[in-house]
Amino acid sequence: MAPMTVAQNSLPLGAFGGQAHADAAIGLTDDGSVRFPMDLAWVFASINAEPGTYRLAICLSGARSLRCELLTQEGAIPLPLAPRDGVFEVCFRLEAAVKTLRLLPPDGGTVRFDEFSLTRIEPWISLLPEWQLGSVLLPHRQGAGSLTIPPARPAGWGDGFAIDQTERLSISGNRCEAGPSGALRLAFQNPLAPGTYRVEGKFADENGEAALVEPRIYTPLPAPNSFPAAYLRPTDGARLLGYVHIDRRTEYLTLQPRQERGTVCILDFMVQKVGRLRFARAMATAALRSGIQKFQLPPPRPAASRIEAARQAGWPADPRRVDTPSAQARARPLVSILTPTKDAPDHLARFLTSLRETRYPAYELILVDNGTTDERAARLLREVTAQHRADVLRDARPFNFAALINGAAHHACGEILVLANNDIEFSDPGWLDALVSAVVDGGVGVAGALLNYPNGRIQHAGMFFAGEARVRHWERGAARSRETPGSPLRHLRPVTAVTGALLAVRTQTFRSLEGLDAARYPVLYNDVDFCLRAGRAGHMCALALNARAVHHESITFGSKRTTTLFGRGGPIWRMERAQEADRFRQDWSGILDGDPWYNGARDLPSRASGTES
């Protein structure tokens, strides 16, 4: 890199070689550390990087995570820094010159930069598509490893093709050990002609049971950010099936056996061309089967087998049903309702209006303004503050739901904390009584609410793991819950996790668990991770069936594709969600495939990965 001049108001930091400057709100300590305020404030480093492939490495102390963005002509492109042995690093490729990057720790505080380096490296080679973020390209997930030539095709696999290369995946017999982005390339002896192909295999775990995986098939030379050509879905037993449409002569297909890292045994695998009529019949059968799964669910496993499965999986909470004691005179604890918000005046107005109808009187509302610019929304925040019914905290940092909630919890005075999205409508005045009752009387550590879409169908009735890092919602999209407050099945349903869109927890429990993990799960997985950590500490997680509200989130959350670089569902959005999914897999790999509440018939396929909250 070419030498650079020192910027004005530069920081005397050896790590940057004097080529860095900062926002005015940032200060320095006597030892040269950087003091970041809670508000949005960046350190800027001059890099003058020409087009090419680079490795960025930053060694620092005092922060669990670090946000890094390249300032390009398209805008600020985030780089997914991964901590490794105390060093945050990432590989990326530039298609246009970049002169500046900026850094900040999401939680603020004092940070010392010990080392900063940006070095040219050889371009990577990958079987899977890269992330194209404007003029910046990233390797798929955590980066591509060297390609290797695997052993002979496993026994039981179909004829006509061989495993040509593998990436971050080792094969021993039928066993595939996949790292992040683990994939293998299938080379066909006779190239595939245009048409539709049935891809089928038996995927099992090391005990021979059906593997809870969702393999993907990519066609040759996938474009950056491209979607898989096919997902393999469960059929009968351990068999998975998908269809690939090919529009030109094709010599290779790429198979990603696991969406995340881990082991899977592929007992047999075949690729077979099918005619249009056979394909149409298969799709009709799949649609019928999906409808049966959705509206005629088989009964759950007996309680005894669930308890034994939970014990084997190491789950601390007893998964038997619990009941709320009959109502009795008791002191009502103060509840602190914590709600991050930014713009969205319609959501905010509906949230505040419906909250006024809440029957439970002893609550305080803490709103966290995450940089509102909409004048109508700003007026609502001023009005609610003037009425002394709410405190409004200001935090304009890049959106980090976990950090915003943790900041609000620090200011809360209530004995119970309620996390509530600003797109919630409190349709039942008794919703808060039900959540408080679950926590106070029911002995529940984390209590969630039964949420409906505006059209009345269920959006959330608890969560379960369907393998990989896929977190599904019970009965999502159903017309009504099979278990209602008026049924003899009682008011509380123990579940794996509940959504942070509306949940209650004792303040003492929240603080003992150090709140949500803002470093690893800024947006999607923080609620599920919190529920699992609460369960590990001995606190039951349950759905309060008589705590009901409407969630005005989109039914197709995360599934809409967009060409907008910074838009929701766009390349940057999907890259950051994939990052969280990979972290979640690392942290909870021991139980993701062993959820005692999992029922395959309830696991309706979804193209979205990650939580559906």
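User: Hey, is cysteine 541 buried or exposed?
Analyst: Cysteine 541 counts as buried, because its relative accessibility is 6%. Keep in mind that this is a predicted model.

User: And cysteine 531, buried or exposed?
Analyst: Buried too: cysteine 531 has a relative accessibility of 2%.

User: OK, so how many disulfides are there?
Analyst: The count comes to zero. Cysteine 531 is in no disulfide, and the nearest cysteine sulfur, in cysteine 541, lies 3.8 Å away.

User: Why don't the sulfurs of cysteine 541 and cysteine 531 make a bond?
Analyst: They're too far apart for one, because the closest cysteine sulfur to that of cysteine 541 is the one in cysteine 531, 3.8 Å away. A disulfide would need the two sulfur atoms within 2.5 Å.

User: Switching topic: what order do the strands take in the open sheet?
Analyst: The order is S1-S4-S10-S6-S7, five strands with antiparallel pairing.

User: Which strands stand at the edges?
Analyst: Those are S1 (20–22) and S7 (75–79). Each has a single partner strand, so one side of each has no neighbour in the sheet.

User: How are neighbouring strands turned against each other?
Analyst: By 30 degrees on average, if you ignore direction.

User: How many bridges join S6 to S10?
Analyst: Five, between S6 (residues 67–72) and S10 (residues 98–104), and the two strands run antiparallel.

User: What stands opposite cysteine 68?
Analyst: That's leucine 103, in S10.

How values were computed:
Residues numbered from 1 in each chain as written. Predicted model: local features only at pLDDT ≥ 70, side-chain atom pairs only at ≥ 80, totals over all residues. Heavy atoms only, no water. Buried < 20%, exposed > 50% of the residue type's maximum accessible area, 1.4 Å probe, protein only. Pairing = 2+ DSSP bridges. Helix = DSSP H or I, 4+ residues; strand = E, 2+ residues; numbered from the N terminus. Axes fitted to C-alpha atoms, helices over the stretch in contact; angles between N-to-C directions.
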